[in-house]
Amino acid sequence: MPAAAFAPTKRPISRINSMKRDWEEEEEQAVPWSQSPPRVGRKGALPTREPSPPPMQDPLETAADRRRKAILAAMSGDQNSAPPTKSASAPARPVAGSSNSSRSTTGSSTTAVGTSSSARAPLREVQELPSLTAAWGGDKKRSMPWEGDQPNKKPVRTTSSKSNKSDASTGAMNIVQKISLSLEQQKVLTLVVQEGKNIFFTGSAGTGKSVLLREIIKNLRQKHVKAPDAVAVTASTGIAACNIGGVTLHSFGGAGLCLEPVDVLVSKIKKNKKAAARWLRTKVLIIDELSMVDGELFDKFCKIGQKMRKNEKPFGGIQVIVTGDFFQLPPVTKGGKSPKFCFDAATWKETISMEVNLTKVFRQKDQTFVNMLNEMRFGRMSQDTIARFKALNRPLKFDDDIQPTELFPRREDVERSNTFRLNALDAETQTYTASDTGAVTDPVQREKMLANFMALQQLELRVGAQVMLIKNVDEQLVNGSIGKVMGFVHKALFTTDLQGRWMPEGDLADLEENEREKRERLREMLLARASSSMKVLPVVEFRVPGGTRHMLVEHDTFKNELPNGEVQVQRSQLPLILSWAMSIHKSQSALERVKVDLGKVFEKGQAYVALSRATSLEGLQVMGFSGDKVQAHPRVEIWSRNLRDLNTV
Ligand SMILES: Nc1ncnc2c1ncn2[C@@H]1O[C@H](COP(=O)(O)OP(=O)(O)OP(=O)(O)O)[C@@H](O)[C@H]1O
């Protein structure tokens, strides 16, 4: 048990035999329990607009009963049989997209980012744009992996709150806001969902392509609600596929690496019943991170669709929605061969009826920074911009101890850096091993797919470790939130104060001194006995807009799913990674504090990807900046001259 867990006192354990009598004494004095606001607060559940009904409890059950049950359940290692804390029965805020959230059932287009004015104020409902699918009378949809309401999925439950401290460091926190799609995002949504167009939408980093794509997927699933496998969600790489809960384009195709001629690939697919059915049933094919798809592959897929479906239309008539930024990472090529981008594919023009450029940058608020990044994207930087980037070579200073996340091109560097810093912490290691399942049995393929998850097979944490949340929990705690591990505690003993701040001794807080001492000794004894059957969970203090929030982090599920719902691989793990360092490829979210050494960058577009993760210049440190590290591919630059935004098409 690490030092911070429960902070046990070192008094000798005595009066073990008095345990029963102690409980009985309290029972006599206790009054029947009824729900009361202070207790709700103390246990950490923030009041919601419509308070959830009190949990089913014996009205005669006393506080002592509940504590005893909690500790005994903890002892037996049965977390589910422990009497639920309010946090477990009524999550502090609606878990993003949870089954009882209105957002998940309507599938309409709002992703909320917002906060209440105080931890105890009623929460705002997630606001929704009018659903495009209302007209189709959409049924309950299949939820998206980032929404947390998979049928067998245990959502991240949190007991958390924010403190209303003002942001004392860079001032670079995102302004709290609700997200509703911009006009140009809405137009694309309409073109795709209502008009059924084949569209490629692009835009510089942070223009909301991913946000829009998620809304498109939700709405398309609503539209095709009667054919759940009609919408195939894919991406060029495993990591990108994991981010949208889909599979790689290769997995969807069912023909391996697709190096053979189309006829050979088609006969290969025909021999694979599942893959053949997929090609026939798919009505919409979505491909994310298209910049990394080779143009030859695009052509092959187009022709496979025609042959499999016996339909001359591109992709055999499947609606094709593709997105990505060709200025970011290019297709992987062998032996220094120049990549063939999808826009150069022979079938591109006949397939894609509209190319749309999103123009509004959301990630960075500072127009100077947006302009600098844009110049960098095109590989044409003014002397002024070069000087500004060079000036970012200075150490960042903050008045808390959250370090900037260092971005590296190679995974080995990431691991080395994180391990070094973890080992520097003088605290006990808690190791969390993932539980992996899924239909893919080939060990090599399975390992490869599992390696694409952000969640690690083995997660090692210590008190003081800097971590990143890798799932959206609510409007404040999102994929990319950074925090520090405060300690470890068993779920049944996790208690917070009225503001939702963790109280390691919280379950003792309302007792008289002598009673409290008895309890402390009893608890020490029970915890000492609990040994390995009692797995403690990390409590993390996250930075959120306007302050910090404490959260008990529980296991969550990550999966790769084929359009028919077949789970290829699935991992249950804590939704946390160490965040002192991260790979550029995996850094999908916005980062407030970033450090990049461009001396280590080797691919075109990689420098741009890394720097564009930063939300502000104040939170960005750049080493090794030089003009030649910042190159756009000439072919992309020429192609992009004809790209139009929605105001001009
Ligand atoms: N309509 C919107 N209103 C407010 N914020 C938005 C909107 N759309 C996107 N955002 C925010 O902008 C940021 C960037 O969005 P997103 O990750 O979707 O961009 P992207 O174009 O996919 O970026 P990248 O190419 O770098 O992956 C996110 O923090 C997202 O929440």
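This is a predicted model: local features need pLDDT of at least 70, side-chain atom pairs count only at pLDDT 80 or more; totals for chains, interfaces and linings use all residues.
Visitor: Which helix gives the largest share of the shell around the ligand?
Guide: Two elements, strand 2 (179–180) and helix 7 (209–223), each supply at least two residues of that shell. The largest share is 3 residues, and these come from helix 7.

Visitor: How far is an oxygen atom of the ligand from an N or O atom in the side chain of S210?
Guide: S210 is among the residues that come nearest to the ligand, along with Q185, G206, K209 and V211. A polar contact is a pair of N or O atoms within 3.5 Å. For the side chain of S210, the distance to a ligand oxygen is 2.7 Å.

Visitor: How much of the ligand's area does the protein bury?
Guide: Ligand oxygens also lie 2.9 Å from a backbone N or O atom of V211 and 3.1 Å from a side-chain N or O atom of R613. Taken alone, the ligand exposes 630 Å². Of that area, the protein buries 86%.

Visitor: Which strands are the edge strands of the open sheet of 4 strands?
Guide: The strands of this sheet pair in parallel, in the order 20-9-21-22. An edge strand pairs on one side only.

Visitor: What is the bridge partner of L407 in strand 21?
Guide: Strand 9 (residues 405–408) and strand 21 (residues 594–597) run parallel and are joined by 3 bridges. In strand 21, L407 has as its bridge partner V596.

Notes:
Residues are numbered from 1 along each chain as its sequence is written. Side-chain values use heavy atoms; hydrogens and water are left out. A residue is near a molecule or strand if one of its heavy atoms lies within 4 Å of it. A polar contact is a pair of N or O atoms within 3.5 Å; within protein, one must be able to donate a hydrogen and the other to accept it, and residues adjacent in sequence count only if both atoms are side-chain atoms. Accessible areas come from the Shrake-Rupley method with a 1.4 Å probe; for residues, only the protein chains shown count as cover. Two strands pair if DSSP finds at least two bridges between them.
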